[in-house]
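Dear colleague,

I am passing on the structure below, and my notes on what was found in it follow. Please read them alongside the coordinates.

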Amino acid sequence: LLMKIDYIENLDNNFAVRFANYCDIDELAAFHVRNQEDGDCDQWVRSMMVNKYCSPEPDRFLILEDTKNNKIASSLAIIPSISCYSGQHFRTARIDLVSTDLSYRNQGFARYLFNVTHKFFEENKITVNCVIGRPWYYTQFGEYAVARPNGEGKIYSGFLKETVIDANASKYKICDAFESDLDLKFCGDLYRCSLDRHLLSRYMHNDQFASSTNFPDGVKMIENEHGERIGFIALGVHGLDQSNVSVYLMELIDGVSWFDIKSAVLNYCIQLGERLASKSNEEFQGISFILGKDHPFYNVLPEASLQTMRGFPGYIQINDLVGFFNTISTVLERRISNSVMENYTGSFSINLWKKMCGIAFSFENGKMIDVKKCNLDGGDFDIPQESLTQLIFGWKGMNHLLLDYPEVRFRNADIENLIGILFPRKTSFIPF
C-alpha cells in the first residue's frame, strides 16, 4: 500500500526532508549499497526498516529527496537505544549510514540532515547521541568528540589442539537457546548484571537477544554436565567474511570460572568457523572476541595467540549538558559519597571556552541541588566541551588532558580533586 509522504523540512530548489516509510525499502537499500560500496548494507537497511535493532523504539531513516526527479539525494539512519552510565539508564541515538549520492555531493546535504537530526533529538529529549563512520569528518557537524568504543577486542588464532583441550573440555557444552522465554530472561538478566564492569554500555531488553540483526548466528547457551545453564555466548560471522567467527557477548553466572569453560568455547567457535569457511571455499582465519578492551575471558587465553583489535571509535555529542548532568545526578552523588569529599557542600563552575558559556553546579551535603548554564569569563574548571565529553565518558583521564591541552586547567587543587572524583576514568563496552 502507498503511504502518505509527510515532509518535515523543505529546502529551496525542489528538495525536501522526510522520514522513510516501508515503500522506500528497496530504493533505500539500493541507495546505501551503492553509496557505501558495501553489499552488507542491503540486509542491514531492510532489517532496520522492519525490526527493532537496538531498542524497543523503531529505527528511522531520514531521506533528503529531490522531489522534482523523485530521487534520494542523501540519507542517514537514526538508531535509538538505551545506554547505561554507571548504572543510570538514559535514551541515546546513533547516527549511521550517512550517504549522499555522487551526483548530489558537495552541496551541504549531509550537514543539512545533521541539523534536522539534532533538532529531532532536541524535540525528543535525547541528550546524547553518537555517530560512527569516517574519522574526523563528522566533527564539523556539531560538538562531536572521540569518546565511544566500537569494535574493540582480541583476535584468537591459536588452533593447536593442545591449546583447546583440557580436563574440563567434556564438562561443558554449547547449546541452542530460546526454546522458551526463560532463555531470553536468563540472557537478559546475566547481561544486565555485567553492566557494572563498564562506565558506559548499552542496556538491552530480553527480546533483543533473539534478534538475528544483532547476532547473525544466534545466541547459544553454555551448559554444565548436568544440563544446567551457566552462561551464554552471542555469535556472528564478520560481515561477508566467512573465514572469521565473531563473539559479540559472553557472560557467566557467579561461581563458574572463565578458565573452566575456555575449551568448550574455543572448540565450538573453531568448529563453527571451519564449517562456515568450507562452505565458501575459504580457510578459517580466527575468532574475533569483540568484547571490549578488558573482558575477563582474555585472561585465560594464551597471550601469544592473541592480537589486539583496535576497533573503530565513535564520536559522542552531548546535546544538552544540563539535561545530561541532571540525568546522572545520582551517579555524581554516589561518587562523592564514596570519596574523601563525602558530604561536600559548595559551588563551582565549568568554563567551556566558547561565547562566555559555562555550567554552574551547586552541592549541599553531597547532593546536587542545582546545575544550570551560566555566562562567565573563566571558571573554576576550564575545559573545551569536546574534552569535557571525553572526560565524562572515560575516553581520556584528567592527567592526559592536563598534559596535552593547555586549555584544561583548574583554579585550585580542591576543584581538581573534586572533578577527579566526579569523573573517574573507567573503560566502556558497547556491543555491536
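The largest cavity holds about 160 Å³ of space, a cavity being a set of points, on a 1 Å grid over the protein atoms alone, where a 1.4 Å probe fits but cannot get out, and a volume being the space filled by probe spheres set on points joined across faces, edges and corners. Of the 18 residues that line this cavity (an atom within 4 Å of a point), Ser83, Thr92, Cys130, Arg148 and Ile430 are the closest to its centre. Strand E5 (88-100) gives the most to that lining, with four residues; strands here are DSSP runs of E, at least two residues long, numbered from the N terminus.

This is a predicted model, in which local features need pLDDT of at least 70 and side-chain atom pairs count only at pLDDT 80 or more, while totals for chains, interfaces and linings use all residues. Residues are numbered from 1 along each chain as its sequence is written, and side-chain values use heavy atoms, with hydrogens and water left out.

The second largest cavity, with about 30 Å³ of space, is lined by residues including Arg197, His198, Glu251 and Phe429.

**An open sheet**

Five strands form an open sheet in the order E19-E18-E17-E20-E21, with mixed pairing, where two strands pair if DSSP finds at least two bridges between them. Strands E19 (367-375) and E21 (409-410) stand at the edges with a single partner strand each, so one side of each is left without a neighbour in the sheet. E17 (residues 346-351) and E18 (residues 357-364) pair in the antiparallel sense over six bridges, and Ser349 stands opposite Ala360 in E18.

With best regards

Key
On a 1 Å grid over the protein atoms alone, a cavity is a set of points where a 1.4 Å probe fits but cannot get out, and a pocket is an open set with protein on both sides within 12 Å along at least five of seven lines; lining residues have an atom within 4 Å of a point.
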